[in-house]
Amino acid sequence: MKHTYQRTLTACYTGYVVQAIANNFVPLLFLTFHNTYHISMGRITMLITINFLVQLLIDALSAGFIDRIGYRASMILAHGTAAAGLVFLTFLPSILPDPYLGLILSVMTYAVGGGLLEVLLSPVVEALPTENKEKSMSLLHSFYCWGAVAVVLLSTIFFAVFGLEYWRVMALLWALIPLYNLFVFRKVPLCPLVPDEEEGLPVTSLIRMPAFWILMIVMTCAGASEQSVSQWASTFAEQGLGVSKSIGDLAGPMLFSVCMGTSRLIYGLYGEKMNLNKAMIASGILCIFSYCMISLSPVPSLSLIGCGICGFSVGIMWPGAFSIAAAVLKGGGTTLFAFMALAGDLGCSSGPTFVGLIAEHFAGNLKVGILNAGIFPFLLMLGILLVQKVHRNTASRVHS
C-alpha cells in the first residue's frame, strides 16, 4: 500500500479515537455537572440517551447525504462537529439561562460527529487498497477500545493532578484531536467505495436480498452481545472487587474495553491466518460461555473475570459483521454501511434493555438477565451459518 494510503488508514484509526472521546468523556463528569449546575442525576444521565438517539438518527439519514456531499466533506463535518461539541461544553452551560440546555446542545453537536464517524470510517477503510480487508477492519475497530481506555485513564490522571475544577481544560485538550484529524482528512487520498467500472446496488435491490436481512440480524446481535454485559461491567467490578462505585465505574468498563481491544488487535495482526466465519462462530461460543460464567459462578470475582472473557469474545463480532457484509453484498456502498451501523446501534440499545427487563421480572436478578442474553450470540452464529448457505446458493446460480 502506498505511503499516502497508510496516512489515510492512520487518520481512520484516529477517527475511532475521536468517537471514543465523544462517547466516554462526558459520563466521567456527571457528578461534576450535578454539583456545578445543580441538575438532578436523572436528567444528567438522560444525556447518554440523547447522545445515542442522535447517533441513531444520523445512522438512518446518512446514506442519502453522504453520497451527495462526498466522503471528504462528510469526514470534515464529522470531525468539526465532534470538536465543536466538546468546546461548547466549556461555555454553553454557563452562558445559557438553563445550564441543562447548554449540556444538551453540546452533546447533540458531538453526537452528530460520532454518528457520522460510525458510518464513514468502515467504508473508507474497506475501499482502501489493502490486501486483507478483515484484518484492517478489526484493527480499525480496536482503536475505539484503546480510545475509550485512554479517555478514562488520562482524564482520571489529569483530574487527580490538577483537580476536577479544571475539567474544561481537559475538554479543550480532547477537542484538539478531532480538530487535528479534520485537517488531515482535507489532504489524505480517499478511494471510491464502489469502483467506477462497477454499478452500485440500489436500495430496492439491497432490501430484496435475503442475505441483507440476515446480516442486519447478525449486526444487531453483535451490538447486543457486546452491550448486554459492558453496560453492567461496573456493577460486577463493585461486587467482585468489593470497591466503591467510582472505582467500579473505572475498573469494570476498562477491563471489558482492554479485553475487547486485545481481541481486535490479535485479529488485526494475524487475521490473514484465520477464517473469519469460523472466528465469528468461535466468538459466539466463547461469548455464551462467558455469560454462563458471569451468571452461574458463586464467586463474584469469577463473574468479573467472565466480564473480561466476554469483552474478548465480542471483539471481532462488530468489525467481522461489517467485513462479511462488504464481501457478500458487493456494491452495497454507503447505504449498506449506514444500515449496518443502524442495526448495530439498535442492538447496543436493545441488549441492555433486554437484560434489564428480564432482571426486573426476576426480582432484580441481573445474572438471570445476562444468562438469557445468550440468545444474542446464538442468533449471531445461526445468522453466520445462514449467510454462508445463502451466499453459496446465490454464487452457484450465477455460475450455472
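These legends describe close-up views of helices in a predicted model. Local features need pLDDT of at least 70, side-chain atom pairs count only at pLDDT 80 or more, and totals for chains, interfaces and linings use all residues. Residues are numbered from 1 along each chain as its sequence is written, and side-chain values use heavy atoms, leaving out hydrogens and water.

**View 1. Helix H10 packs with helix H14.** H10 covers residues 210–230 and H14 covers residues 300–314. Helices are DSSP runs (H or I, at least four residues), numbered from the N terminus. The packing angle is about 160 degrees, and the axes lie 10 Å apart. H10 is therefore roughly antiparallel to H14 (the term is for angles over 145 degrees). H10 supplies Ser225, Glu226 and Val229 to the contact, and H14 supplies Cys307, Cys310 and Val314 (contact means heavy atoms within 4.5 Å). Four of these contact residues are nonpolar, one is polar and one is charged.

**View 2. Helix H14 has a list of buried residues.** Buried means under 20% relative accessible area, with a 1.4 Å probe and protein chains only. Among the buried residues are Ser303, Leu304, Gly306, Cys307 and Gly308. Cys310, Gly311, Ser313 and Val314 are also buried. The 15 residues of H14 should span 21 Å at 1.5 Å a residue, and its end C-alpha atoms are 21 Å apart, so the two agree.

**View 3. Helix H7 packs with helix H8.** H7 runs over residues 133–162 and H8 over residues 167–185. They pack at about 145 degrees, with axes 10 Å apart. On H7, the contact residues include Leu154, Phe158 and Phe159. On H8, they include Trp167, Met170 and Trp174. The contact divides into ten nonpolar residues, one polar and no charged.

How values were computed: Axes fitted to C-alpha atoms, helices over the stretch in contact; angles between N-to-C directions. Helix = DSSP H or I, 4+ residues; strand = E, 2+ residues; numbered from the N terminus. Parallel < 35°, antiparallel > 145°, perpendicular 65-115°, else oblique. Nonpolar A, V, L, I, M, F, W, Y, C, P; charged D, E, K, R; others polar. Expected span 1.5 Å × (residues − 1). Buried < 20%, exposed > 50% of the residue type's maximum accessible area, 1.4 Å probe, protein only.
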